[in-house]
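User: I would like to go through this structure with you, please. Could we begin once it is on the screen?

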Amino acid sequence: MMTAAGILLAVACFWNAFLTGAVMMFIGFFMLRLFGQGSLTLIPNTLVPQWFIGKRGRALSVMAIGGFASSALLPPLNTWMIDMFGWRTTWTTWGISLLVVFVPLAFIFVRNQPKDIGEVPDGTPKRAVQDGEEHLNVEINEKSWTLKEAMNTRAFWMILFCVSVPALVNTGVTFHLVSIAEGKGLSDSVAALVLSMMALIGFPVTFLVGYLVDRVSVHYVLAIRFVGHIAILLILLQVNSWTMAMLYGVVWGVVNGFERIVLSIVWPNYFGREHLGSIKGVAQTVMVLGSAFGPLPFGLFYDWFGGYQEILWVMILLPLLAAIFSLLSPKPNYETHFSSAK
């Protein structure tokens with residue numbers, strides 16, 4: 001799947017290199033979201049939990065390095081390439097890079113599960129967890145739920161709402177960040193610096209969170225993440241200077257570091273690994289839909305009120321609800337759930 005998605009993403013890049021109108025652009029960006037943000041976000045976030053159980057949080061922290069590095073480095077690199085060679089050549093370069101570098105690496109080295117090559121999760125013996133790891137929060141012999149079984153639990157629907165909130169709110173803020181900055185008397189370069197600050201601060205935070213979720217119930221960590229989300233929206237409402245903008249970027253980075261780990265680890269920790277693809281597929285669909293519709297209310301409120309203060313106050317309600325839902329959604333017990341259902 002990773003090899004196929006890489007090839008199709010390369011095709012999308014080549015397609016965008018030959019854009020001649022709005023219809024081609026619509027198709028091109030649809031393919032980018034489908035094979036890039038959709039497929040190549042879902043696949044690694046499903047793959048890594050197959051290989052790690054007790055060390056899952058730390059493994060996801062390492063995986064997050066790529067996301068933060070790309071957020072910090074690729075926008076200025078793309079800008080430089082477009083200025084030097086043009087946008088068509090830039091698209092073509094990324095398409096060739098995917099085919100020459102990413103696709104062969106995925107085909108040669110990626111394997112679906114440890115048992116496919118005679119290994120076990122975490123590289124630890126099946127008989128027990130190694131000394132010093134007894135206090136880990138995740139059981140080695142975890143129970144796997146089917147998608148249908150998971151959908152019969154209250155936790156599934158509450159967590160599904162929770163994972164949609166960052167996609168919707170963060171995408172809305174990010175798409176309108178330059179306009180928000182200008183409305184507060186700040187330049188677009190300050191908005192760009194905020195995004196870089198977010199990536200740089202979030203990177204080390206993921207390692208702390210990865211260690212934390214291996215030892216603390218994930219729904220508590222998820223609730224902390226949404227309390228932080230409320231805080232960053234309150235700070236954004238008060239931003240009126242370069243200093244406040246940087247503070248916003250720092251706190252946003254901390255919250256984003258929590259987000260990268262807890263939103264990925266909650267599904268395998270709650271519902272196991274065997275049917276993780278179908279379960280995360282539903283979650284990823286909801287997240288992509290949230291990111292697609294997120295900018296719309298910000299634009300509407302800007303047209304109606306001439307600014308973003310009102311929509312930011314409305315958006316605070318979403319992480320507030322998500323924090324409550326997180327606390328009300330501990331990990332479901334398979335045996336208890338189905339014995340009570342009978």
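Predicted model: local features only at pLDDT ≥ 70, side-chain atom pairs only at ≥ 80, totals over all residues.

User: How many salt bridges does the structure hold?

Analyst: The structure holds 1 salt bridge. Its partners are the side chains of Arg225 and Glu259, with a distance of 2.6 Å from N to O. The pair links distant parts of the chain, 34 residues apart: Arg225 belongs to helix 9 (residues 218-238) and Glu259 to helix 10 (residues 242-271).

User: And are Arg225 and Glu259 buried or exposed?

Analyst: Both Arg225 and Glu259 are buried.

User: Changing topic: how much space lies in the second largest pocket?

Analyst: The second largest pocket has about 740 Å³ of space. It is lined by 34 residues, and Leu34, Gly38, Ser39, Leu42 and Ile43 are the closest to its centre.

User: Which helix gives the largest share of that pocket's lining?

Analyst: Helix 2 does, with 14 residues. At least two lining residues come from each of helix 1 (2-17), helix 2 (22-51), helix 4 (87-109) and helix 11 (276-293).

User: How does the lining of the second largest pocket divide into nonpolar, polar and charged residues?

Analyst: The lining consists of 19 nonpolar, 11 polar and 4 charged residues.

User: Now the surface. Which residues make the nonpolar patch?

Analyst: Ile7, Val11, Ile96, Leu99, Val100, Val101, Leu105, Phe107, Ile108 and Phe109 form this patch of about 960 Å². Helix 1 and helix 4 each give two or more residues to the nonpolar patch, and helix 4 has the largest share with 8.

User: Why does Phe109 count as exposed?

Analyst: Phe109, which lies in helix 4, counts as exposed because its relative accessibility is 62%, and the cut-off for exposed is over 50%.

User: What lines the largest cavity?

Analyst: Its lining is made up of Leu177, Ile180, Ala181, Lys184, Leu186, Val190, Ala191, Val194, Leu236, Val239, Ala245 and Tyr248. Helix 7 (177-183), helix 8 (188-213) and helix 10 each supply at least two residues of this lining.

User: And how does the lining of the largest cavity divide by class?

Analyst: The lining of the largest cavity has 11 nonpolar residues, 1 charged residue and no polar residues.

Definitions and conventions. Residues numbered from 1 in each chain as written. Heavy atoms only, no water. Salt bridge = Lys/Arg side-chain N within 4 Å of Asp/Glu carboxyl O. Helix = DSSP H or I, 4+ residues; strand = E, 2+ residues; numbered from the N terminus. Buried < 20%, exposed > 50% of the residue type's maximum accessible area, 1.4 Å probe, protein only. 1 Å grid on protein atoms, 1.4 Å probe; cavity = no way out; pocket = protein on both sides within 12 Å on 5 of 7 lines; lining within 4 Å. Points joined across faces, edges and corners; volume = space filled by probe spheres on them. Nonpolar A, V, L, I, M, F, W, Y, C, P; charged D, E, K, R; others polar. Patch = residues over 30% accessible without salt bridge, like charges linked within 9 Å, V, L, I, M, F, W, Y side chains within 5 Å. Areas by Shrake-Rupley, 256 points an atom, 1.4 Å probe, with all protein chains shown as cover.
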